[in-house]
Amino acid sequence: MAMPQPDERILERAPQIVTALRGVLPEDAVIDDPQETLAYECDALTAYRCAPLAVVLPRTTAEVAEAMRVCGVMGVPVVPRGAGTSLAGGALPTADCVVIGTARLNQVLEIDTDNRFIRVQTGVTNLSVSEVLEPHGFFYAPDPSSQLACTIAGNIAMNSGGAHCLKYGVTTNNLMGATVVLTTGEIVELGGAELASSGLDLLGLLCGSEGQLGIVTEAFLRILPRPEGARPMLIGFDSPEVAGECVARIIRSGVLPVAIEYMDEPCLRAVEDFAQAGYPKCAAVLIVEVEGSPDEIADQIARIRAIADELEPVEFRESRNADDALAIWKGRKSAFGAMGRLGDYICLDGTVPVGQLPHTLRRIGELSKQHGLEVANVFHAGDGNMHPLILFNANEPGQLERAEAFGADILRLCVEVGGCLTGEHGVGVEKRDLMDVQYDAPDLAMQMEVKDVFDPTWILNPAKVFPLQASAAHRLKAVQ
Amino acid sequence: MTSETISRTTNTPKTEAELAEIVAGHFAGCQPLRTMGGGTRVQADHIAGDTLTTRAMSGVVTYEPGEMTLIARAGTPLWEIEAMLVSEGQALAFEPPDLRGVLGSDGTPTIGGMVAANASGPRGIMAGACRDHLLGVRFVDGQGRVLKNGGRVMKNVTGLDLSKLLCGSFGTLGILTEVAMKTLPHAQARGTLAIRGVDDAEALRTFTTALATPFEISGAAFHDGTAWLRIEGLPPQLAYRQKRLQELFGAYEITFLDAEATVTLWRDLRDVAHFAGTDTPLWRVPVKPSDAPALTASLRALGGQTSLDWGGGLIWYCGPGEASAVRDIAPHAMLVRRGGVEGSAFPRQSAAVERLSQELRRKFDPAGILNPGLMGG
């Protein structure tokens, strides 16, 4: 993955830049010791690494603004960073950049259950938001798999979702307002405690912009009352097509589960070896979860059972208590760990129309043979967000490149069948150079013109999201 | 030139290419265009230029009920879409309002107009607004370029979300030619609790209590002494939720409206039918719900009436108050029916937001020809 050469003129001025940052920030907020900046050399896309020039860890919006202002004036690229759990290299630094991290922006500012929002500094973790809400009987809906570690700042940057977003939507559907620091250091408030605002939807534009437009330091998040209960069921099928058909029939029936997860045979094998979850041996397993009171849950399970029975499943297992529920989720939740035991893997993130799932799975199987690398599939079937895991051996020269080429073919396939390059991980550097598969040149040009409005000199997370060649002219402005 | 003397040409392109050509021509000549779908949502007589309507660009491109996705050309009548969804047991969950009664407009609401206005009704409190159900758009910008953003799948974080910008931009950034929407199962059962004899503050208390329960209240509105709570779901869910809510509000005088009465009531609340049929100015005011009782009292002091939607998060004010007086009380107020009130229908933004919005408009519409003067800038 190519990244632009670091700007020598910035590297030469590194001491002055650090001094300028120290001049406006508390002493412990600026890190330039090479041993310490090394901790920020990559995010969860660990194949690519580069330590930044310095790291800034502010505690307030005003401090973020000061840091941004200094970097803006001195023309230093800024890479915003939440918890660094991005799988697409969204927080990958360059040698000539300053990382502004949200780790110390970790205060819950206001819990308002009457008006159904929580206001937080965006360095708080996703899970801790729901934890502080629990005694109030509320929760925050978006639940990415990394929720224990990932921050609200990162969730907003990537418009994160999770297993339960089939019913509750993703971050953009649960974000009411944001405090944003622009590259000039200017602080802008978007939205707030109201459910709607008029004017152009800048908040909607900001959400999912991967740190291209500004740094979000505080947010109003919509909160929801906790459901009375939730129970999963497991349905095994001996054909991926029939499993896919079951997903479509459930959705058409009027029952809206909170989650529909899918695992294919290679994934099931790995999970069984690793977690002994007791899953059936079959071609595909669905885990479907429904919510409500005990009677409501029983009714929904009966409806889904009737739908599944028509398709003659290998097994239909419903949870009757908390232990059953844990057992059903155990394999799914350990899937990524289980795959990791088999070797190195890259995890993709394409989305396809649900009706195209069987065809896509078949084609992925064919591509696997063509590229000579194994692949396993585990994903959110209700919304077609696939996560093919491509297995390879990082110690064997050339295998990473082969895995990446295979991955690119899968993502092209996703677009070809009417889907998109990324459902929840973001473009980052990983899918940057595939953007022209989904968008024509004028579509991309318009997006880059929008970035120009917020970041005229392209100092904010440059060389991400947009293909390097296409963005070259815009990035050049930073140098001039 | 006053609005009475403007003589307009109406452009009714049948294809995206034709539309792009018309816009490119106007861009070249710096001639303004008054853009619309069915012309049912905005009182736009004061906007300069020839009219351009998308209503001849009609038809559903794809509808996949099992995927909960629909793609339609911008001019497709909304009733046609809704009838098609109902036949598959689905709906646009955000309940787009029909403002013809309120605005005294005729014509046919279109799906493109709905997106351009981010038209969202009472169920927004649970399901979100139109923008939350928009998956992707095709549009023609102010230079006549055909562009697209988003797609037709439910999860998509590929690049910048320009679809959100287009949604609610009232045709000032581009003219929508095709929209992709998420559809959702239509509730199989529905009913309404009507809590009678309450004032704004008590209505708000019932909303706050009800919306803290897990019973998925899909409408919470108040007008003329009655607060309504709508519940929906599968038949057993409805029965259970009704029982629990009736227990919760046992101290009040409650009646339960069946499915048929519920449909009629919420259609009327959605369309603000209680303030239709007059020319008194009508304002739509999003607020923090707990502020609603005080704000409604202040607004009523200007003369006129109020009602509440979204559990108190939305005030409708129908009254003779001057724009400056209304906005002093409610800075987020948007003027829906002019009734002789001059000036921008849209609330004032902060300087920074206004600057960013203007610069964005210049990128999409460098010559400023799309609905000039309608929305800031």
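Asn461(A) sits in the loop that joins α17 (441–454) to α18 (468–479) of chain A. Helices (H or I, at least four residues) and strands (E, at least two) are DSSP runs, numbered from the N terminus. The model is predicted: local features need pLDDT of at least 70, side-chain atom pairs count only at pLDDT 80 or more, and totals for chains, interfaces and linings use all residues. Residues are numbered from 1 along each chain as its sequence is written, chains are lettered from A and ligands numbered from 1 in the order in which they are written, and side-chain values use heavy atoms, with hydrogens and water left out.

Asn461(A) has a phi near 45°, a positive value in a residue other than glycine. Its relative accessibility is 1%, so Asn461(A) counts as buried. Buried means under 20% relative accessible area, exposed over 50%, and partly exposed in between (1.4 Å probe, protein chains only). Asn159(A) belongs to the loop between α6 (152–158) and α7 (165–168). This residue is buried too, because its relative accessible area is 7%. Most residues other than glycine have a negative phi.

Chain A as a whole contains 18 helices and 18 strands. Its radius of gyration is 23 Å, in agreement with the value near 23 Å for a compact globule of 480 residues. The radius is taken over C-alpha atoms, and the globule rule is 2.2 Å times the number of residues to the power 0.38. The C-alpha trace spans about 70 × 55 × 40 Å along its principal axes. Of the 480 residues, 62% count as buried. Among contacts (heavy atoms within 4.5 Å) with a separation of 6 or more, 71% join residues 24 or more positions apart. The accessible surface (Shrake-Rupley method, 1.4 Å probe) comes to about 16800 Å², with 52% from carbon and sulfur atoms.

Chain A carries 37 positive and 65 negative side chains, and the centres of the two sets lie 2 Å apart. Lys and Arg count as positive and Asp and Glu as negative, without His or the chain ends. Each charge is placed at NZ of Lys, CZ of Arg, CG of Asp or CD of Glu.

An unreviewed UniProt entry annotates residues 48–226 of chain A as "domain: FAD-binding PCMH-type". Such annotations may be inferred rather than shown by experiment; positions follow the numbering used here, and feature names are shortened. Over residues 48–226 the chain is 21% helix and 25% strand, and the end C-alpha atoms are 40 Å apart.

Chain B has 12 helices and 18 strands. Its radius of gyration is 21 Å, close to the 21 Å from the globule rule for 377 residues, so chain B is as compact as a globular protein of that length. The C-alpha atoms fill a box of roughly 65 × 50 × 35 Å along the principal axes. Buried residues make up 60% of the 377. In chain B, 36 positive and 39 negative side chains are present, and the centres of the two sets lie 5 Å apart.

Asp141(B) lies in strand β7 (residues 134–141) of chain B. Its relative accessibility is 0%, so Asp141(B) counts as buried. Beyond its neighbours within four places in sequence, Asp141(B) contacts Met446(A), Val23(B), Leu147(B), Leu173(B), Gly174(B), Phe364(B) and Leu370(B). Leu173(B) is 32 residues from Asp141(B) in sequence, with 6.3 Å between their C-alpha atoms.
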